[in-house]
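Opening the notebook on this fold. I want to go through the sheet, the helix packing and the charged pairs.

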Amino acid sequence: MTGVEGRRVLVTGGSRGLGREMALALAGVGAAVAITGARLSTALDETGAALERLAGPGRALALAADAGDAAAAALAVAEAARALGGLDMLVNNAGLGMRLVSETFTTAPTRFWETEPEAWRRIVAANVDGPFLMARAAVPLMLEAGGGRIVNVSTSAQTMVRRGYAPYGPSKAFLEAASRVWAADLAGTGIDVNVLLPGGATATDLLPPGSRGADGNLLDASIMRAPILWLASEAATGVTGARFVARLWRDDDPMAAREDGAAAPRIM
């Protein structure tokens with residue numbers, strides 16, 4: 001896709017799930033890609049090796065970094081930019097879900113006052129603080145370079161207000177509101193900020209084993225590949241402040257998947 005080859009991209013939470021699929025898709029078409037994982041792991045090593053096979057020596061990097069920690073986020077951005085020769089795009093994908101609260105959250109919702117404060121704090125740190133800290137470190141580099149892209153990975157509007165999904169759902173509602181503020185703050189700078197979400201329950205580690213979507217199905221994590229490639233391309237230049245739903249993606253009409261904000265959800 002035009003303009004993706006040579007892009008220097010940092011994907012947080014890139015060792016598995018949605019992040020892994022997006023990172024591999026970008027590397028497969030010529031982007032140089034760095035990924036982060038919250039800690040050293042076999043998954044981080046294996047995905048890093050797969051990225052290097054696709055992108056080539058010196059064009060892939062796997063870092064252990066907690067995006068919710070200010071020092072770690074700043075160091076990850078600096079190391080990625082050093083290794084890749086700059087930074088053109090940040091994909092804020094890293095996050096924690098409701099399994100940290102309860103392994104049975106899909107069948108026996110935990111009410112917010114029953115949630116352990118430490119679990120609440122960790123989810124908010126990953127899903128709210130993490131994207132802010134990563135973007136805070138990356139934006140000055142992009143401003144100096146004259147442009148860039150930030151993509152924040154979100155969830156469906158229904159999940160934001162679903163019973164028993166606090167703080168995960170509300171943390172993504174915050175991220176979507178913040179994304180639109182960031183787009184406004186960065187207007188005229190050449191830095192575009194958009195939201196991307198699968199558009200339904202997806203087969204990732206955020207769900208307990210055996211879980212299914214409301215319709216009995218799960219989306220495959222690879223659904224994020226086509227949208228992220230387009231958002232990294234020249235065709236998406238100047239598109240900012242939008243929300244893209246991967247489930248609605250059409251290669252012949254990317255704007256068919258665009259929403260200007262989360263649809264008002266019906267509270268269940």
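My entries follow, starting with the ground rules.

**Ground rules.** I am working from a predicted model, where local features need pLDDT of at least 70, side-chain atom pairs count only at pLDDT 80 or more, and totals for chains, interfaces and linings use all residues. Residues are numbered from 1 along each chain as its sequence is written, and side-chain values use heavy atoms, with hydrogens and water left out.

**Sheet.** I looked up the strand order first. The model has an open sheet of eight strands, ordered S3-S2-S1-S4-S5-S6-S7-S8, with mixed pairing. Helices (H or I, at least four residues) and strands (E, at least two) are DSSP runs, numbered from the N terminus; two strands pair if DSSP finds at least two bridges between them. Strand S3 (60-64) and strand S8 (258-259) are the edges: each has a single partner strand, so one side of each has no neighbour in the sheet.

I then checked S5 against S6. Strand S5 (residues 148-153) and strand S6 (residues 191-197) run parallel and are joined by six bridges. In that pair, asparagine 152 sits opposite valine 195 of S6. Helix H6 (residues 168-185) packs on the sheet and touches strand S4 (89-92), S5, S6 and strand S7 (243-245). Contact here means heavy atoms within 4.5 Å. The direction of H6 makes about 160 degrees with that of S6; axes are lines fitted to C-alpha atoms, for helices over the stretch in contact, and angles run from 0 to 180 degrees between N-to-C directions.

**H4 on H6.** Next I took helix H4 (residues 117-145), whose axis comes within 8 Å of that of H6, crossing at roughly 15 degrees. H4 and H6 are therefore roughly parallel (angles under 35 degrees count as roughly parallel, over 145 as roughly antiparallel, 65 to 115 as roughly perpendicular and the rest as oblique). On the H4 side I find Ile123, Asn127, Val128, Pro131, Phe132 and Ala135, meeting Tyr168, Ser171, Phe174, Leu175 and Trp182 in H6. For the classes, Ala, Val, Leu, Ile, Met, Phe, Trp, Tyr, Cys and Pro are nonpolar, Asp, Glu, Lys and Arg are charged, and the others, Gly among them, are polar.

I noted a cis peptide bond between alanine 166 and proline 167, with omega about 10 degrees. Proline 167 belongs to the loop between helix H5 (157-161) and H6.

**H1 and its partners.** Helix H1 (residues 17-28) packs with helix H2 (residues 42-55) at about 20 degrees, axes 8 Å apart. H1 and H2 are therefore roughly parallel too. H1 brings Arg20, Ala23, Leu24, Ala27 and Gly28 to the contact, and H2 brings Thr47, Ala50, Leu51, Leu54 and Ala55. That set splits into seven nonpolar, two polar and one charged.

With H7, the axis of H1 comes within 9 Å and the crossing is roughly 55 degrees, which makes H1 oblique to H7. I list Glu21, Met22, Leu24, Ala25 and Leu26 from H1 against Arg225, Ile228, Leu229 and Ala232 from H7. Here the classes are seven nonpolar, no polar and two charged.

**Salt bridges.** I get 11 salt bridges, each a side-chain nitrogen of Lys or Arg within 4 Å of a carboxyl oxygen of Asp or Glu. One of them pairs arginine 7 with glutamate 234 at 3.4 Å, N to O. Arginine 7 lies in the segment before strand S1 (8-11) and glutamate 234 in the loop between helix H7 (225-232) and S7, so the pair ties together parts 227 residues apart in sequence.
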